[in-house]
Amino acid sequence: MKVKEKLDLNKIKNIKKIFPKHSSIIDDYLVNFNKYGYKEIEYVKCNKYSEYFPTTLSISRLPREVKKYCLKDDYIKLDFVNCGIYILKHLSDEKGTINDNLNFYYYNRKIIIQGIMNTLDISYKETKKIIFNIIVKDDDVNLLLDDKLLQENQILYTYLVSLVKECNTLQKILGLHYSYNLRNEKNENVNFYYKDMDSHNLLGFVIQDITRQLTLQMYEYLQKNNYIKNNICILHGDAIFILKQENINYLELNMNLMNHIKKTLGYSMKLSIEEC
């Protein structure tokens, strides 16, 4: 899958002056840009169950502050809200497994995250890492949660303990399901790659694959409806960045994309669209 990235020529000229400490990775990124500020990027899957990854350095792989500078004023970001959590919730709904705590988190995410931030006095980024570990790591609850939570916010701590245990159970049930299906495929390469993978890790790859399908459907819709001009866009996990355009009705685009995803893949995803 090949796309093009576009970078403002003034940004190309000044980027190393603004971020001298990142000059090495910036040099690597600026390779293969033409005189008009375009660069071709090919995205591939590392394996059957993976997201798309660029084969050459993309804006999406630059340090955060450099990436923000490159995207600012020129791109619009479209991404799926709470993507991994929703996929896990959807899969567990399909299999009829108990997911009350996961459902509670999905619908009350901001309150829970704010509660953790306030109790532990940590940043949003640090809090997201805790939630990520709770959702995807098959670890002992005592390794994931800070004792300060227990001391200062017992209600929140008790809920998170229940969420950890529920997610561990979901990972095992769903992982076993996909493990069984995958290992019975008549494909020697697939069987060889996954035959020794535990159910927990296998489920992670399945979630990545669903994320890739969602992103691909979003890309195809944007391409078909001329929101992606000259194939210029940036793929990054569950998000796509497109060039800013005049007269885009964000609300209409959001609704149409959600309807498209529901119709093609059956997922009732929420989308966020914002200028960079």
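Student: What makes the largest nonpolar core a core, and which residues have the most contacts inside it?
Tutor: In this predicted model, the largest nonpolar core has 76 residues. A set counts as a nonpolar core if its members are buried nonpolar residues joined through side-chain atoms within 4.5 Å. Leu160 and Leu222 have the most contacts inside this core.

Student: Which helix gives the most to this core?
Tutor: Helix H10, residues 154-183, with ten residues.

Student: Which residues does leucine 222 touch, leaving aside its neighbours within four places in sequence?
Tutor: Leucine 222 is in contact with Leu78, Tyr227, Ile228, Ile240, Ile242, Leu253 and Leu257. Contact here requires heavy atoms within 4.5 Å.

Student: Why is serine 60 called buried?
Tutor: Buried requires a relative accessible area under 20%. Serine 60 has 6%, so it counts as buried. Its place is in the loop between strand E3 (52-54) and helix H3 (64-71).

Student: What surrounds serine 60, neighbours within four places in sequence left aside?
Tutor: Serine 60 is in contact with Lys67, Ile234, Leu235 and His236.

Student: How do you know whether asparagine 254 is buried or exposed?
Tutor: By its relative accessible area, which is 14%. The limit for buried is under 20%, so asparagine 254 is buried. Asparagine 254 sits in helix H13, residues 250-265. With neighbours within four places in sequence left aside, asparagine 254 contacts Leu271 and Ile273.

Student: And what about isoleucine 130, buried or exposed?
Tutor: The value for isoleucine 130 is 17%, which is under the 20% limit, so this residue is buried. Isoleucine 130 belongs to helix H7, residues 124-136. Between the C-alpha atoms of isoleucine 130 and leucine 145, 15 residues apart along the chain, the separation is 7.8 Å.

Student: Why is H1 called roughly antiparallel to H2?
Tutor: Helix H1 (residues 9-18) and helix H2 (residues 23-30) pack at an angle of about 160°, with axes 9 Å apart. Angles over 145 degrees count as roughly antiparallel, and therefore H1 is roughly antiparallel to H2. The crossing of the two helices is left-handed.

Student: Which residues make the contact of H1 with H2, and how do they divide by class?
Tutor: H1 contributes Ile12, Ile15 and Lys16, while H2 contributes Ser23, Ile26, Asp27 and Leu30. By class there are four nonpolar, one polar and two charged residues.

Student: What makes the phi of asparagine 230 worth a remark?
Tutor: Most residues other than glycine have a negative phi. Asparagine 230 is not a glycine, yet its phi is positive, near 55°. This residue is in the loop between helix H12 (199-224) and strand E5 (233-236).

Student: Why is asparagine 230 called exposed?
Tutor: Exposed requires over 50% relative accessible area. Asparagine 230 has 58%, so it is exposed.

Student: What is the phi of asparagine 247, and where does this residue lie?
Tutor: Asparagine 247 has a positive phi of about 65°, although it is not a glycine. Asparagine 247 lies in the loop between strand E6 (239-243) and H13.

Student: How do you know whether asparagine 247 is buried or exposed?
Tutor: Its relative accessible area is 79%, which is over the 50% cut-off, so asparagine 247 is exposed.

How values were computed
Residues numbered from 1 in each chain as written. Predicted model: local features only at pLDDT ≥ 70, side-chain atom pairs only at ≥ 80, totals over all residues. Heavy atoms only, no water. Axes fitted to C-alpha atoms, helices over the stretch in contact; angles between N-to-C directions. Helix = DSSP H or I, 4+ residues; strand = E, 2+ residues; numbered from the N terminus. Parallel < 35°, antiparallel > 145°, perpendicular 65-115°, else oblique. Left-handed = near helix turned anticlockwise from the far one by under 90°. Nonpolar A, V, L, I, M, F, W, Y, C, P; charged D, E, K, R; others polar. Buried < 20%, exposed > 50% of the residue type's maximum accessible area, 1.4 Å probe, protein only.
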